[in-house]
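Subject: Structure handover

Dear colleague,

Here is the structure for you to look through. My notes on what was found in it follow below.

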Amino acid sequence: MSALLLQLMNGLSYGVLLFIITSGITIVFGILGVLNLAHGSLYVLGSYIGYSLIMEAGLPFWVALMAVPILIAIIGLVLEIVMLRPTYKLGHLSQVLLTFGLAYIFHDIFSMMWGKNILVVNPPEALNVSVEIAGNAIPAYRLALIVIGIVMAVLLWYTQEKTKWGAVIRAGLSDKEMVGGLGVNIHFVFTCVFFLGSLMAGLGGVLGSPILGVFPGMEFQILILSLVVLVVGGLGSVTGTFIASLLVGFVETFSRYFVPELSLIITFALMALVLVARPQGLTGRRVA
Amino acid sequence: MKNFKRNGSILILLVLLLSACSSGAINTSTSKEKTKGKTNDNSPIKIGALLPSTGVYASLGENLLNGMNLYFEEQNFEVAGKKIEIIHEDTEADPQVALRKLRKLTDQDQIDILTGPVSTAVAYAIRDEVDSKKLPFLDSHAGGNDLTRAKRSNYIYRSSFSSWQIGHSMGEWAYKNIGKKIYVTAADYAFGHEVAEAFKEAYTKAGGQIAGEVYPPLGNNDYSSYLGKMNQKGIDGIYAFYAGSDAVRFVQQYDQYGLKGKIPLIGSGWLTAEDTRPQQGTSPEGIKASIFWDYSLDTPENKAFVQAYEKKYNKRPSIESAEGYDAAMILAEAIKKLDGDVSDPNKLVETISSIEINSPRGPIKFDKETHNVIQNLYIVETGIVNGKTENKVIDTIPQVVDPGK
């Protein structure tokens, strides 16, 4: 029983970690409809800058947690204005080519600046312990992540569903021209959403690094995970991403425990199953 | 609304595309590093180095090359009156790419000797080409058993190790010093399985019992559920084969989930390698691992090597740096014995087979039958010195010979 409880906690913490990592790309792609394949790179850049601030400059974890997301968001903002904005008219293919190219450029910059080895960030002192729950040791940092992830999910959900800003964003996705015609500066809205998405990438980068570490090439792993969660959860909703993250987290954790040989396949099988049964994703809106 | 449908299908395409080529996706740069490309009237001896400088094995490739360059620099890139030229090509740890780069090295650069690679898959892929072209090939890292067994070639020698040597050496020792029931875990790829098999073979032969096995995928990021499986009552230890980022995450999570101090962890040297430990904090304390070279080896050869390496690169050598250094030394000795004439590949491989040196890892020579290296394996234990982890050699298993089948 206690072993199952441990796996339950593992599944939960892994699922929430997935949500923290993938929430940024959900916002940008799921809500904005802009395909940013360099999103994983922004996450990894966040981890690296976090590493430099915490492990090299010796700043407290919390400082990095504040500073890095803002820095990443500003970098994302510049990318959006300078490079992505001209592609909105051109469609997804040019976005894919452009942002995938960017991902490669980032990849080389990472190896040049931080080397090719894996780097790991220490969690804050207070959380660098294990907590005993029902006879099982669970790292306190993971428990903290569960709380942070849930708070993030609630905040994002509230912004998207209950505020005027959220309404404008949702409307902008359905019909850009009409929203523009109603007197909303849609470019500005897009920029803001992109800013928020990059902020999430930076936040994910700092929060994820004590567990996952960071190394060049990781951006592609992050990207695949994000896309799987997106497909399972469906586009355009924070709730869907949250549910999908937890589902993928639980499925992966339990399949590793019961049938470790198949754990890789099962995650993708889940994705395929969702695609067959509900092509719009678990909570995605029906395709018109 | 029509966007949703298009977005969705693009998304699916991308997932498929990316998951198919996630490791191969990082294939942009090709590097040509010509070291001391002096033109001379007597032509230089060209050594081709097929080593990855991009992709997952990039840091291993870099360290191997550093080790080689260090040795040849000590000789001023001159052996037996001949200039030595190292031509490096990036394999990207991809068999297809490696084969293409090998052809470039043989056809365009006309190399005399080949060394590398890191990936066993690459070694197997280039094996036939090397064999049919009669190109002397000194394998300086890839440890797949078959290269010196079923896929053995007259022109292939291996100075690094075979997976069997790594796993087998720990088996008997673990039974005598750790306990009678052990859980085995390794990364799910050919090398991981080979090491685990060799360990199990030696451990059960000594009388030990395997409590269970689990093989998480390579590049796995969360070991919590696997650790939950291993955390059983009545087992005496866990044998683990992980390297690089896997080793960092596994060892850290082994500590965080409270197994450290409860179930001893043993494994291969990559679990606590010199370039891995700094990222593991104090978690690896107490781990015992088997490996053929360690930073702490107390021999004059190793001390000199470590000192020279730290002076040149301003960091500690890794296992791969030592491998690169040894491979360079073996080639240099062979060239010396031939007085600089490497034109006959048959003579060259024959000479390589007779090389016996005292390298930083101790005395090494080649098995004339299998062409695999015969070397000491060391049991190292990780302890804490001044707040940092350090390895210490606690036992030596002398002159381990791969059975060759």
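Axes here are lines fitted to C-alpha atoms, for helices over the stretch in contact, with angles running from 0 to 180 degrees between N-to-C directions; helices are DSSP runs (H or I, at least four residues) numbered from the N terminus. This is a predicted model, in which local features need pLDDT of at least 70 and side-chain atom pairs count only at pLDDT 80 or more, while totals for chains, interfaces and linings use all residues. Residues are numbered from 1 along each chain as its sequence is written, and chains are lettered from A and ligands numbered from 1 in the order in which they are written.

In chain B, helix 2 (residues 58-74) packs against helix 9 (residues 300-313) at an angle of about 100°, their axes being 11 Å apart. The two helices of chain B are therefore roughly perpendicular (65 to 115 degrees) to each other. Asn66(B), Leu70(B) and Glu74(B) of helix 2 meet Ala308(B), Tyr309(B), Lys312(B) and Tyr313(B) of helix 9, where contact requires C-beta atoms, placed from the backbone, within 7 Å.

The domain assignment, automatic or from a database, divides chain B into domain 1 (33-161 + 299-371) and domain 2 (164-291 + 378-400).

Finally, Val193(A) touches Ile27(A), Val28(A), Ile31(A), Leu32(A) and Ile169(A), leaving aside residues up to four places away in sequence.

Best wishes

Technical notes:
Angles under 35 degrees count as roughly parallel, over 145 as roughly antiparallel, 65 to 115 as roughly perpendicular and the rest as oblique. Two residues are in contact if their C-beta atoms, placed from the backbone, lie within 7 Å.
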